Amino acid sequence: MANKVFVIGVGMTKFEKPGRRTNEDGSAWDYPDMARESGTKALADAGIDYREVEQAFVGYVYGESTSGQRAVYELGMTGIPVVNVNNNCSTGSTALYLAAQAIRGGLAECTLALGFEKMQPGSLGSTYDDREQPMMRHIDLLAEISEVKLPPASWMFGAAGREHMQTYGTTLEHFAKIGYKNHRHSVNNPYAQFQDEYSLGDILDAPMIYEPLTKLQCSPTSDGSGAAILASESFVDRHGLAGQAVEIVGQAMTTDFESSLTARTCAALIGYDMNVAAARQVYAASGLGPRDFQVIELHDCFSANELLLYEALGLCERGEAATLIDDNDTTYGGTWVVNPSGGLISKGHPLGATGLAQCAELTWQLRGQADHRQVDGVDAALQHNIGLGGAAVITAYQRAER
């Protein structure tokens, strides 16, 4: 029997436009500063000292080797194992997965998952141009089946959106409604990079990046950090933390299947099959189905991905996402509230921190601590995070007292 895993403390920084924030002394806000802020908040939330943490898993995409050590040394230097994690946009949730795995397997009783990113403005680019790019096979195939337009990320997800339109009759407005929803949700999130509400017309009329995606349907680059403290059941009991603990009742990570390439579809290339498989594993492990969750934080790097995820996660049948959107079924008053934080589109997307910010939001929702974002009657919450190249991580949570 695997050991139970609980989230006992979470913390995050406000997500910021790259390079905008400075420290009180005027110096640049660097990744150690970000890690110190999110990690200190998570430890304070858990009510424990860093010396009780037995292992740390630290995620970032852009940075030097062992930056994870440099980051957590802001919290303490206790000689514990520190594992550096890099899994593209799912880096933060991969760190969470590994931190949970250590407890689930009985290797530790208290672990830290921390993620950060210090990014450059503008579209994502490669760091090394003298070697094979991880996504090259995906990109080459995408060029055969869709109209090429750089940068790659908006092209890949935009092409998947077009494919859905051609196959199922989805319209530009359906994608825009997702951007409209997430920007509206972000108004109540003080941690969000953007807290601006837009009309549906504003979303549709914003500059077109790759049809159907306008600028206001695309996540920005961001600086920021998130952290979570995980613990075993015996640790929770010894420290009297059951009242605030949130249990991870199901968790799965999947990587690309052969079908990612052999299916020759844009949806497969951006991880549709990974998402479906991970969701099924989580539902089987937790005993919960899509309608047992009230709140979901999912990877809306672009509105097209959120739309496809409605189907991949089983919120509706394939091809029926447009109906879900038209029925306002993914916002307050609907069956689920999806991305109450504002999602990546409004909250921001510091790659290494995103999955841990999702964990923080859902922990607050389950505790009833989400302030004006609070969803009524939250009993179970679902998290989805994906990185192309690729890895999908899905986590299901419930309050510990269940």
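**Burial, rings and strands**

Reply: Phe293 has a relative accessible area of 1% and is therefore buried, since buried means under 20% relative accessible area, exposed over 50% and partly exposed in between, with a 1.4 Å probe and protein chains only. The model is a predicted one, in which local features need pLDDT of at least 70 and side-chain atom pairs count only at pLDDT 80 or more, while totals for chains, interfaces and linings use all residues. Residues are numbered from 1 along each chain as its sequence is written, and side-chain values use heavy atoms, with hydrogens and water left out.

Me: Why is Tyr283 counted as buried?

Reply: The relative accessibility of Tyr283 is 14%, so this residue counts as buried.

Me: How many aromatic pairs does the structure hold, and what makes two rings a pair?

Reply: There are five aromatic pairs. Rings of Phe, Tyr and Trp (its six-membered ring) pair if their centres lie within 6.5 Å; planes under 30 degrees apart count as stacked, over 60 as edge-to-face and the rest as tilted.

Me: Why is the pair of Tyr60 and Phe116 called stacked?

Reply: The ring centres of Tyr60 and Phe116 are 5.1 Å apart and the planes stand at 10 degrees, so the pair is stacked. Tyr60 belongs to the loop between β2 (55-59) and α2 (67-72), and Phe116 to strand β4 (residues 110-117), so the pair links distant parts of the chain, 56 residues apart. Here helices (H or I, at least four residues) and strands (E, at least two) are DSSP runs, numbered from the N terminus. Both Tyr60 and Phe116 are buried. Ring pairs also join Tyr31, Tyr60 and Phe116 into a cluster.

Me: Why is the pair of Tyr283 and Phe293 called tilted?

Reply: The centres of the rings of Tyr283 and Phe293 lie 6.2 Å apart and the planes are at 40 degrees, so this pair is tilted. Tyr283 lies in helix α11 (residues 272-286) and Phe293 in the loop between α11 and β9 (295-297), so the pair ties together parts that are ten residues apart in sequence.

Me: What makes Arg318 a charge over the ring of Tyr272?

Reply: The charged end of Arg318 sits 3.9 Å from the centre of the Tyr272 ring. A charge sits over a ring if NZ of Lys or CZ of Arg is within 6 Å of the ring centre and within 35 degrees of the ring normal. Arg21 likewise lies over the face of Trp29, at 4.0 Å from the ring centre.

Me: How do you know that Leu307 is buried, and what does Leu307 touch?

Reply: Leu307, in helix α12, has 0% relative accessibility and so counts as buried. Leaving aside neighbours within four places in sequence, the contacts of Leu307 (heavy atoms within 4.5 Å) include His164, His174, Phe175 and Ile325. The C-alpha atoms of Leu307 and His164 are separated by 9.3 Å, although the two residues are 143 residues apart along the chain.

Me: What makes β4 a covered strand?

Reply: Eight of the eight residues of β4 are buried. Cys110, Leu112, Leu114 and Phe116 on one side are buried, as are Thr111, Ala113, Gly115 and Glu117 on the other.
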